Amino acid sequence: MRISAGLTLAASTAACLALITGCSGSGPTTDATPSNDASSTAPMSSEATGSAPTSSQAPSSGTSEGTAETRDVIENPPAKSWNDALEAARKIFPGDPIEIELEPRDRGGLEYKIELVTDAAQFEVQFDAESLEKLSSDEDQVGDDVAENRLKLIDTENIVALEDAAKTARGQQEGTITSWKLEGKDDGTVKYEFDILPRGSSDDVEVSINAKDGSVIADS
């Protein structure tokens, strides 16, 4: 029949179209985008990133801990002289000096120690040698020591200059003068005592100078 033939032709056409469509959609597909696995796992060089290479050793600070040189208190004296310290002490306690000393402080720097006496009391005061800041002071009653203290009085107007006495002391012992003391004794003498540190030594040598005539006092 004519109708059957038309249907058969239509069915054949549809089957061919289906076959063509299936052929074009079949077969394996590929991803055009390359995989990033290799680049994500490979190590990055410091040149590529611009960062500095790391090191297990910490950088040096460039500083080293050294030992401070011992100060020579004659060649490198403090800002305030012993006369300044004596004047400051007398403003606190109106006495006469029996001892004046310059020595290193435990916490660094230098200090003056001044001892003054009257017929009634004895006074001791410590000052920072750079600023004359008072560090400490103490006062005691003299009691029966009045006559003895009178023998210890220092006439600061009639003594050898500190620098001259130090020069004489260095003639006996070369080295660094780390401290000095001007002291009145109960026999009426007045003397300088210099602590001198010889080169390469850790022990001071004490040299005494007569403060009235500048002569060396032999060890007793």
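# Close-up views of cavity, core, rings and pocket

**View 1. Helix α5 (residues 146-151) gives the largest share of the lining of the largest cavity, three residues.** The model is predicted: a local feature needs a pLDDT of at least 70, a side-chain atom pair counts only at pLDDT 80 or more, and totals for chains, interfaces and linings use all residues. Residues are numbered from 1 along each chain as its sequence is written, and side-chain values use heavy atoms, with hydrogens and water left out. A cavity is a set of points, on a 1 Å grid over the protein atoms alone, where a 1.4 Å probe fits but cannot get out; lining residues have an atom within 4 Å of a point. Grid points are joined across faces, edges and corners, and the volume is the space filled by probe spheres set on the points. The structure holds one cavity of 30 Å³ or more, and the space in the largest cavity is about 50 Å³. Its lining consists of D96, V117, T118, D119, V146, N149, R150 and L153. By class, three of these residues are nonpolar, two polar and three charged. Here Ala, Val, Leu, Ile, Met, Phe, Trp, Tyr, Cys and Pro count as nonpolar, Asp, Glu, Lys and Arg as charged, and the others, Gly among them, as polar.

**View 2. D119 lies in the loop between β2 and β3.** D119 is partly exposed, because its relative accessible area is 46%; buried means under 20%, exposed over 50%, and partly exposed in between (1.4 Å probe, protein chains only). Leaving aside residues up to four places away in sequence, D119 touches V142, V146 and R150, where a contact means heavy atoms within 4.5 Å. D119 and D144 stand 25 residues apart in sequence, with 9.5 Å between them in space, C-alpha to C-alpha.

**View 3. The whole protein chain has six helices and eight strands.** Helices (H or I, at least four residues) and strands (E, at least two) are DSSP runs, numbered from the N terminus. Their order from the N terminus on is α-α-α-α-β-β-β-β-α-α-β-β-β-β. Of the chain's 220 residues, 30% count as buried. Among contacts with a separation of 6 or more, 49% join residues 24 or more positions apart.

**View 4. The largest nonpolar core has 36 residues.** A nonpolar core is a set of buried Ala, Val, Leu, Ile, Met, Phe, Trp, Tyr and Cys residues joined through side-chain atoms within 4.5 Å. The residues with the most contacts inside this core are I74, W82, I114, W180, L182, Y192 and F194. Elements that give two or more residues to the core include α4 (82-92), β1 (96-104) and β5 (176-184). The largest share, five residues, comes from α4. In soluble globular proteins, nonpolar side chains tend to be buried together.

View 5. E183 is found in strand β5. E183 counts as buried because its relative accessibility is 14%.

View 6. Rings of Phe, Tyr and Trp (its six-membered ring) pair if their centres lie within 6.5 Å; planes under 30 degrees apart count as stacked, over 60 as edge-to-face and the rest as tilted. F93 and F123 are stacked, because their ring centres lie 4.9 Å apart and their planes are at 15°. F93 is in the loop between α4 and β1 and F123 is in strand β3, so this pair links distant parts of the chain, 30 residues apart. Both F93 and F123 are buried. W180 and Y192 form an edge-to-face pair, 6.5 Å centre to centre with 65° between the planes. W180 lies in strand β5 and Y192 in strand β6, so this pair ties together parts that are twelve residues apart in sequence. W180 counts as buried at 3% relative accessibility, and Y192 counts as buried at 1%. W180, Y192 and F194 form one aromatic cluster.

**View 7. The largest pocket has a volume of about 320 Å³.** A pocket is an open set of grid points with protein on both sides within 12 Å along at least five of seven lines. It is lined by 14 residues, of which G175, T176, L197, P198 and R199 lie nearest its centre. The lining divides into two nonpolar, five polar and seven charged residues.
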